[in-house]
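Subject: Structure for you to look at

Hello,

Please find the sequence and structure below. My notes on what turned up follow.

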Amino acid sequence: MTEVDTAQDEQSPYARVGGGAAVRVVVDQFYERVLGDPTLAPYFAESDLANLKRHQVQLISHLLGGPVTYEGRELRDAHAGLAITPEAYARVVEHLVGVLVEAGVPDDILASLGGTLEAAQPDIVSQQS
Amino acid sequence: MDPAALKESWAIVAKHGDDVPLFFYSHLFLSHPEVRSMFPVSMSAQRDKLVTALGTVVSNVDQFDTVAPLLGQLGSDHRRFRVDPDQYNAVGGSLLATLKHFLADQWTDELATDWATAYGVIAKTMVQGAEESAKTTPSWWNAEVVSAERRTLDVAVFQLRPEQHLPYTPGQSVAVEVPQRPRLWRYYSPANAPREDGTIEVHVQIVDGGQVSSAMVKELQVGDVVRLSAPVGTALTLDDPTRNLLLVAGGTGLAPLKAVVEQVDRHWLATGRGPQVHLFHGARMPWNLYDEQAMHALAERPWFSYDTAVSDDSTYPGRRGTVGEVAVARGGWRGYRAMVCGSRAMIEATVPQLAAAGIPHEDIRYEDFGEGGYRPRTDTQKDG
């Protein structure tokens, strides 16, 4: 037990979840769920999905300490004008939890992604709603 | 509020088994990452605790009046985890998201309202319990280890000195957190009646796979500072000081019973009166009878006798067998009150033996190890 924990601590979160391939699988599943949700699909009506997924994989890989650069827009710019409600945001978090749970992502990585998400929430959710 | 709907919906969710706490904690840590640090590093033992208890309590909100005092106490007890009201909101949000996730199409607006209302009632009661106790008691007591004595292969005896007065009744338990295993709390019973200097004796036995008990026995040192919770438990406290007592201890289950004996002794020294007390201490091997010296010293009292039982050593010159068998074989327990403390297996074996020997059920006291309940436990439990 202790030995396993120590070994894990020495790896980056990116390596521990299984690297780029694992992140791509999770991102694919995530968008499958989000686009299959009638309350969320309209937000993506105008999106270039392939590009969106590519940027999402880069962003998550980067956050997990992977050797990847995020080439997308600032989150505030990317979500500007979409009028994302707090309810829609909560729904997306639910889908995200669903795919991360299925992927078996460890608690400490969840909490660290959660920290980033919390910081980004004001940039994503529309203030006027 | 529709109590039947709450119960039915919880039953549906509960069928998903381990997936429920997994989703719940993942949602909680993703949406409120600051909460992660309040839980143990390893979540394996924690997994089913919080969400299962919550689902059960909230869905039984129609029996609120019977559990309200317990909830207040639970809220008070959670002060040692440094829980603040905001975190009740975080937990409530993740509970509702979890229900919604597993109920899918069956999650309706009415159900959402009912669950939110019921959770609100429970959370309010816990927070109020915490606020009430905060007026009179600290969230936890820091205590310095002033003596650490390894008695056997797997048993150590510690003397702890709380920085502030920690009032308790012999037979109760306090939860202990040691610096070697942060955020993992285990219940131990003070093995002494309250002393002038406030020190508390604690008996710790390594249990299989027990990361806390083994850290305590092997690593806890003089000078270390541990945290103690408020005392809990009524099963092994003395409510009638005139009743004769049959005390049956397995391993470090001796601790609360030794405290009770000391309490009787204080009373006897002060008044010259007191009940007859017989204590049986059982162990697998003779060297596990780790407190013989203190027991033999007490056995000079005219009202006290101490007997041992060894189950796994066929060469033992004293009484052989389980401690329950040996106690029953001695006989003459009419009118006695029995108190039993030890591992779960020991209690499950001993209580029926005493009952079969004619001691009425209401006169057999032991800590209830019932599944899922919030109960103080002795150090003999497996602590994952």
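**Notes on the model**

Not counting residues up to four places away in sequence, B:Ala338 touches B:Leu246, B:Val248, B:Leu354, B:Ile359, B:Asp363, B:Ile364 and B:Arg365. Please keep in mind that this is a predicted model.

B:Ala338 is also among the residues with the most contacts inside the largest nonpolar core, together with B:Leu247, B:Val248, B:Leu257, B:Val260, B:Phe280 and B:Met339. That core has 71 residues. Helix 8 of chain B, residues 254-271, gives the most to it, with seven residues. The core lies between domain 2 (141-228) and domain 3 (245-366) of chain B, because both give residues to it. Apart from this core lies another, of 48 residues, including A:Leu100, B:Val57, B:Val58 and B:Met126.

As for the domains, chain B is divided into three stretches: domain 1 (3-134), domain 2 (141-228) and domain 3 (245-366). Taken over C-alpha atoms, the centres of domain 1 and domain 2 of chain B are separated by 30 Å.

Then the contact between the chains: 17 residues of chain A are in contact with 14 residues of chain B. On the chain B side, helix 2 (19-31) and helix 5 (85-103) each supply at least two residues. Helix 2 of chain B has the largest share of that side, eight residues. By type, the residues on the side of chain B that touches chain A are eight nonpolar, five polar and one charged.

Regards

Technical notes. Residues numbered from 1 in each chain as written. Chains lettered and ligands numbered in written order. Predicted model: local features only at pLDDT ≥ 70, side-chain atom pairs only at ≥ 80, totals over all residues. Contact = placed C-beta atoms within 7 Å. Helix = DSSP H or I, 4+ residues; strand = E, 2+ residues; numbered from the N terminus. Nonpolar A, V, L, I, M, F, W, Y, C, P; charged D, E, K, R; others polar. Core = buried A, V, L, I, M, F, W, Y, C linked by C-beta atoms within 7 Å. Buried ≥ 20, exposed ≤ 12 C-beta atoms within 10 Å, placed from the backbone. Domains from an automatic or database assignment.
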